Amino acid sequence: MLTRHHLLYCLLALWLPCSGAQAALTIEITEGVPGALPIAVVPFGVEGQGAPPEDIGAIIAADLKRSGRFAPLPERDLLARPHEGREVNFRDWRVLGIEGLVVGRIRAMGAGQYTVQFQLFNVFQGTQLIGYSIPTSTADMRRTAHQISDIIYEKLTGERGAFNTRIAYIAVSGKPPAQTHSLQVSDADGHNPQSILNSKQPLLSPAWSPDGTRLAYVTFENKRAQIYIQEIASGKRELIASYPGLNGAPAWSPDGTRLALTLSKDGNPEIYVMSLAARTLQRLTSNLAIDTEPVWSPDGSALVFTSDRGGRPQLYRMSANGGEAARITFEGDYNARGVFSPDGKQLAMVHGTGGQYRIALLDLKTGAVRVLSDRTLDESPSFAPNGAIIIYATNEGTRGTLTAVSVDGRVRNRLLLQEGDVREAVWSPFGPRITLQTDTKPQSSNP
Amino acid sequence: MQFFIKLLLLSVSAVALAGCQSTATKPSAAAVEDRSSAADGGATTASAMDGDGAFRGDALDNPSSPLSRRVIYFELDSSEVKQEDRATVSAHARYLAGNPNAAVAVEGHADERGSREYNLALGERRGNAVRQLLLAEGAAAKQLQVVSYGEEKPVTLGHDEGSWQQNRRVEIVYTSRR
């Protein structure tokens with residue numbers, strides 16, 4: 001039931017005739033990857049009345065390229081433009097060293113409805129790997145393209161794709177003391193940005209609910225830090241924490257029933273867990289130091305948080321029921337804002353050493369730390385739901401920008417707002433999987 | 001006639017609005033009312049110089065009083081009020097003690113380095129350090145409200161030590177003068 005609603009919201013999110021235009025995020029790939037799979041995505045053919053609103057082939061090629069796992073052939077280098085299997089001559093593609101080939105066709109059905117058919121081929125074997133046709137609409141066409149990218153990515157890498165997901169982030173414009181802040185949600189490729197909250201006072205720490213329908217965040221709109229939860233589709237929001245002192249660092253439990261948060265109502269910042277149904281609080285830390293930035297392990301059994309109980313900020317781990325906390329970071333003089341990889345085996349964090357703040361990965365089994373970013377003021381790491389990419393905030397001259405880096409550190413994409421700063425990006429959970437029914441039958445072709 | 005035109009315009013805009021409302025399930029931007037108010041500068045206070053140069057009026061407006069200093073700066077990751085700032089804090093404590101209806105917001109801030117939520121906590125710790133000194137020197141708890149903005153309200157946007165020094169601060173903001 002929930003997933004059906006989520007799907008509906010995603011559909012509606014693409015159709016926004018009355019919303020104000022938002023500053024678009026643009027993505028540029030700043031580092032290429034050796035060893036990426038050569039693939040060709042042929043521009044999709046068009047049938048029927050009315051040009052389709054989106055270039056599906058270009059969106060798929062851009063998605064695959066951005067992942068760093070694929071090297072799509074530039075369109076100008078295409079020797080042929082087949083739209084279905086029987087038009088494919090595999091020798092054309094073998095000559096170019098292409099290993100995967102994507103062809104397809106968009107059929108306009110009228111009234112803004114379309115059917116998108118696509119096929120993926122193994123060029124060396126001359127065989128079809130998958131083929132589907134998917135009904136879609138004008139409003140939904142980008143999403144359909146991202147879903148096709150997900151299907152191709154999963155078929156060729158064995159891992160689930162995260163192209164049909166979203167990011168939430170904070171955009172800031174203007175100079176102090178007259179800055180404006182907005183909480184925005186866009187597609188994972190930066191398209192279709194929508195402001196879901198605008199404020200003259202600071203906003204920070206957006207956090208997705210596990211079902212992807214709501215965001216918790218911290219706002220200063222009432223002149224101090226308070227936590228709200230807002231439903232993305234309706235804009236409806238609710239004040240969740242407004243205790244004396246700080247109300248910060250909201251983090252949803254994996255089952256969505258509880259919120260870990262930081263409150264200083266008892267004197268100094270401590271970690272609490274709030275039951276969202278009953279609104280009851282359980283205090284988990286009791287310490288004169290700063291305890292903040294709780295995050296849940298993916299199985300919900302443990303919390304990792306930042307504390308300076310040892311003198312400098314470091315990460316600690318404790319049971320989600322409280323009790324003793326054990327320090328887990330020992331390299332570097334500053335480690336904060338930990339976030340679990342989806343498989344729970346690693347933490348991404350802000351890693352400070354010698355006055356340089358970078359994003360690093362901590363292997364929770366071995367304790368090994370691997371630095372992933374290369375600037376000096378990097379912060380706010382967030383994993384894509386498939387664990388393949390980490391998005392984080394950094395600076396480009398005086399501008400705040402976002403960078404997405406593959407967990408192996410080899411691919412880097414930069415996301416820049418047209419104006420102002422962008423920061424604190426958090427990647428949404430997976431949306432519902434697309435139901436695929438119509439398989440395009442493997443077709444004979446020229447071997 | 002004019003009334004009729006107005007009515008017509010009204011109904012046109014009502015239709016336009018209704019058009020928007022029909023997409024109410026879109027992610028709509030929640031509007032946030034800005035409740036910030038500069039209480040510190042809200043009331044106009046008359047002040048003047050005597051012929052002999054002595055300041056008359058509210059001591060808070062005397063530019064040569066230590067009360068004119070309302071910002072206290074901190075070292076990196078520190079919440080210790082430096083010796084050189086103690087006199088400033090003492091002056092505010094004495095003013096608050098002598099004006100029991102005066103009140104201040106003690107606003108703690110951090111520079112941009114490190115994580116935002118840790119800096120929010122650090123700003124609060126700085127605010128509390130100033131609050132403790134104010135209490136020790138005669139201010140009453142009900143006159144003091146600590147608020148941390150962390151790194152979210154920088155004075156200056158530079159990414160260098162000079163800018164960071166200016167941003168690591170506590171501001172004493174009078175919300176009520178006497």
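Reader: Two strands are taken to pair if DSSP finds at least two bridges between them; over how many bridges do strand 12 and strand 13 of chain A pair?
Author: This is a predicted model, and in it strand 12 covers residues 214–219 of chain A while strand 13 covers residues 226–231. One residue pair that can be located by eye is A:Ala216, which stands opposite A:Ile229 in strand 13 of chain A. The two strands run in the antiparallel sense, and the number of bridges between them is six.

Reader: Which residue of strand 30 of chain A is the bridge partner of A:Ala404?
Author: Strand 29 (residues 399–406) and strand 30 of chain A pair in the antiparallel sense over four bridges, and they form a hairpin with five residues between them, where A:Gly409 in the turn has a positive phi of about 80°. Strand 30 itself, residues 412–417 of chain A, is mostly covered, with five of its six residues buried. Within strand 30 of chain A, the residue bridged to A:Ala404 is A:Asn413.

Reader: Is A:Pro342 buried, partly exposed or exposed?
Author: A:Pro342 is found in the loop between strand 23 (334–340) and strand 24 (346–353) of chain A. Leaving aside residues up to four places away in sequence, A:Pro342 touches A:Pro298, A:Phe383, A:Pro385, A:Asn386 and A:Gly387. A residue is called buried at 20 or more C-beta neighbours within 10 Å and exposed at 12 or fewer; because A:Pro342 has 17 such neighbours inside 10 Å, A:Pro342 counts as partly exposed.

Reader: Turning to chain B, how far apart are the end C-alpha atoms of helix 4?
Author: Helix 4 of chain B covers residues 116–136 and is mostly covered, with 17 of its 21 residues buried. Just after this helix, B:Gly138 takes a positive phi of about 115°. At 1.5 Å a residue, the 21 residues of helix 4 of chain B should span 30 Å, and the model agrees, because the end C-alpha atoms are separated by 30 Å.

Reader: How many helices and strands does chain B have?
Author: From the N terminus on, the elements of chain B run α-β-α-β-β-β-α-β-α-β-α-β. Buried residues make up 35% of the 178 residues in this chain, and among its contacts with a separation of 6 or more, 68% join residues 24 or more positions apart. The secondary structure of chain B comes to five helices and seven strands.

Note on methods
Residues numbered from 1 in each chain as written. Chains lettered and ligands numbered in written order. Predicted model: local features only at pLDDT ≥ 70, side-chain atom pairs only at ≥ 80, totals over all residues. Contact = placed C-beta atoms within 7 Å. Pairing = 2+ DSSP bridges. Expected span 1.5 Å × (residues − 1).
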